[in-house]
Amino acid sequence: MILLMIHSSFFSYEVREKAISSAEENPINEFKGENVLVIFISIEEGDDSDLALKAMEYIMEDVEKVKPSMVVLYPYAHLSNKLAKPSVAVSLMKEIENSLSEKIKVIRAPFGWYKAFTISCYGHPLSELSRRIGKEEDNPVHLMKQSEEIKYCEKFGFPSSPHATFVRNAVLEWVKSKARDMVVETVGNTKPSQGEFSVNYFEAKGKIIPCLNENPNIIAIYGGVMDMDVPYSFHDSANKVDVIFNEGGVTKINVNALTYYFMIQSVKDKVYPTLPMWMSPIQVRILPVKRDFIDDAIRIAGELESRDVRVDIDDLNDGLGNKIRRAGKEWIPLVGILGERERKTSSLTVKIREETEQKSLTVEEIASIVMSADQLKLKRKLPILLSRRPKFEYL
């Protein structure tokens with residue numbers, strides 16, 4: 001079922017002639033109204049009464065936001081190429097009409113007729129909304145195409161690398177942090193009560209796509225309405241990706257899609273791609289210019305770690321240029337060079353990736369930069385010394 005919802009300052013229609021032989025008899029031939037929420041609706045194959053109830057709930061959520069004087073249900077076959085039989089479509093339209101009429105005045109335009117209509121959209125941010133409603137067990141993500149932007153997920157070894165595991169968990173923790181009045185957390189409760197936060201894990205169907213369709217598929221559900229500060233959906237070069245759904249007083253967040261959104265935003269309009277600080281597996285990398293400085297690097301790393309900074313040390317027997325390039329491959333936000341001058345001044349010469357600049361910073365100043373951009377304070381999951389971690393083929 002597909003809904004296109006337009007909040008209109010003025011809407012009218014006029015019946016002209018039958019479009020199909022089974023058109024509804026005795027139609028309401030014409031209508032005119034102001035401050036109308038018009039619901040253009042396509043009933044699709046497989047739609048049933050459960051989806052009709054969901055549609056009513058979605059419509060009422062929009063009604064509560066835009067405060068129309070009435071709702072017009074307008075059958076509109078042009079939104080889908082998988083239409084249900086006319087008898088089914090009419091039956092479900094009537095179910096939606098009857099459910100809505102208990103809450104607000106409803107006009108249902110007749111099914112199966114050619115109609116002329118005039119519409120004037122208010123143009124405010126909520127005046128044009130669309131939604132596809134499917135069954136709970138459906139997983140439309142597996143129908144998506146592998147877009148150009150997926151390479152950013154592949155770069156970090158999604159779905160099963162250490163970097164991917166950390167990033168995905170960080171996004172889930174970020175979502176949890178938005179549920180500020182959360183009273184209880186559960187796993188697998190698909191109908192949480194008010195204030196309850198539930199995390200649900202599903203097996204991927206169809207072709208595996210890094211970030212988007214992988215194991216596990218994670219849906220977070222909050223009993224209430226959450227302000228996420230991210231779009232409900234976005235587009236990559238090949239797909240429309242849905243992130244957030246409001247259904248019947250609960251908020252559903254596709255954590256995989258949200259992870260993909262943050263990955264794309266890390267590249268958009270930036271000279272050097274940079275993950276958000278809270279999402280970066282390693283926030284600070286220390287580069288000792290000589291092996292003589294490794295003990296000092298370990299000491300500084302300990303001081304940073306005591307301040308909740310995720311830090312590691314490139315202790316490989318390699319030149320500074322190669323160490324800088326390795327840090328760049330991981331999009332590490334802050335890269336601190338440790339040489340003789342830095343050891344004497346108890347500081348690091350820090351390359352700030354997002355700002356493309358370099359400055360001398362103390363441990364306290366580095367920690368302040370990190371903490372101001374990271375409220376989650378997740379612990380490091382990788383070894384502190386690069387020599388002690390396995391070789392990751394994806395980097």
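Modeller: A salt bridge here is a side-chain nitrogen of Lys or Arg within 4 Å of a carboxyl oxygen of Asp or Glu. This is a predicted model, where local features need pLDDT of at least 70, side-chain atom pairs count only at pLDDT 80 or more, and totals for chains, interfaces and linings use all residues. Residues are numbered from 1 along each chain as its sequence is written, and side-chain values use heavy atoms, with hydrogens and water left out.

Colleague: What makes Glu 214 and Arg 168 a salt bridge?

Modeller: Their closest N and O atoms are 2.5 Å apart. The cut-off is 4 Å, so the pair counts. It links distant parts of the chain: Arg 168 sits in helix 4, Glu 214 in the loop between strand 8 and strand 9, 46 residues apart. Helices (H or I, at least four residues) and strands (E, at least two) are DSSP runs, numbered from the N terminus.

Colleague: Are Glu 214 and Arg 168 buried or exposed?

Modeller: Both are buried. Buried means under 20% relative accessible area, exposed over 50%, and partly exposed in between (1.4 Å probe, protein chains only).

Colleague: How do you know that Lys 178 pairs with Asp 229?

Modeller: The closest N and O atoms are 3.8 Å apart. That is within 4 Å, so the pair is a salt bridge. Lys 178 lies in helix 4 and Asp 229 in the loop between strand 9 and strand 10 (233-235), so parts 51 residues apart in sequence are tied together.

Colleague: Why is Asp 229 called exposed?

Modeller: Its relative accessible area is 56%. Exposed means over 50%, so Asp 229 qualifies.

Colleague: Why is Lys 359 called partly exposed?

Modeller: Lys 359 has 33% relative accessibility. The side chains of Lys 359 and Glu 357 meet in a salt bridge, 3.6 Å from N to O.

Colleague: What makes helix 4 mostly covered?

Modeller: Of its 17 residues, 12 are buried. Among them are Phe 166, Val 171 and Trp 174. The cover includes strand 7 (184-187), strand 13 (250-254) and helix 5 (255-265).

Colleague: How many salt bridges does the structure hold?

Modeller: It holds 26. Asp 296, Arg 299, Glu 303, Glu 340 and Arg 343 are linked in a network of them.

Conventions
Contact means heavy atoms within 4.5 Å.
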